[in-house]
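Work through these exercises on helix packing. Try each task before you read its solution.

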Amino acid sequence: MTPRRRWLLVAVVAGVILVASLVPTSGGATPTLLGVGIDKWQHLSGYAVLAGALGYALQVGDRPRVQGLVVAFAATVGYGVLIECLQLPLASRAFSVGDVLADAVGAAVGTAVVSRFGR
């Protein structure tokens, strides 16, 4: 995949996460899977994909591989915190430390997958 397409993939995934995170919700009870709310699983999977795409995009050029993975992890977690902050003024959304933790776990999973299988 060309570097341009790698970055396009990052932008698309980040855009989908942004829209999904800011669309008003109806509220109500959150279903669980293995005792964890489905929303946390959604955060984990979305941010794993974002971190994976970002880690993959950063693996071109002269940058050391580990440096790219650290940047991908940190940027993904930072993006999660930013989105949680954007939710503060929204009536149907709220800042959640649990969501940030799920984002961080997802970012770790995504960078680990790229570390193992990416190139």
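**Exercise 1.** Which hand does the crossing of helix 2 and helix 4 have: left-handed or right-handed?

*Solution.* The model is predicted: local features need pLDDT of at least 70, side-chain atom pairs count only at pLDDT 80 or more, and totals for chains, interfaces and linings use all residues. Residues are numbered from 1 along each chain as its sequence is written, and side-chain values use heavy atoms, without hydrogens and water.

Step 1. Find the helices, which are DSSP runs of H or I with at least four residues, numbered from the N terminus. Helix 2 spans residues 38–57 and helix 4 spans residues 97–117.

Step 2. Apply the rule: right-handed means the near helix is turned clockwise from the far one by less than a right angle, left-handed anticlockwise. The crossing of helix 2 and helix 4 is right-handed.

Step 3. List the contact (heavy atoms within 4.5 Å). It includes Tyr47 and Ala51 of helix 2, and Gly106 and Val109 of helix 4.

**Exercise 2.** Describe how helix 3 and helix 4 are placed relative to each other.

*Solution.* Step 1. Take the axes, lines fitted to C-alpha atoms over the stretch in contact, with angles from 0 to 180 degrees between N-to-C directions. Helix 3 covers residues 65–87, and its axis packs 9 Å from that of helix 4, at about 155°.

Step 2. Classify. Angles over 145 degrees count as roughly antiparallel. Helix 3 and helix 4 are therefore roughly antiparallel.

Step 3. Check the hand. The crossing of helix 3 and helix 4 is right-handed.

Step 4. Name some partners. Among them are Phe73 and Val77 in helix 3, and Ala104 and Ala108 in helix 4.

Definitions and conventions:
Helix = DSSP H or I, 4+ residues; strand = E, 2+ residues; numbered from the N terminus. Parallel < 35°, antiparallel > 145°, perpendicular 65-115°, else oblique.
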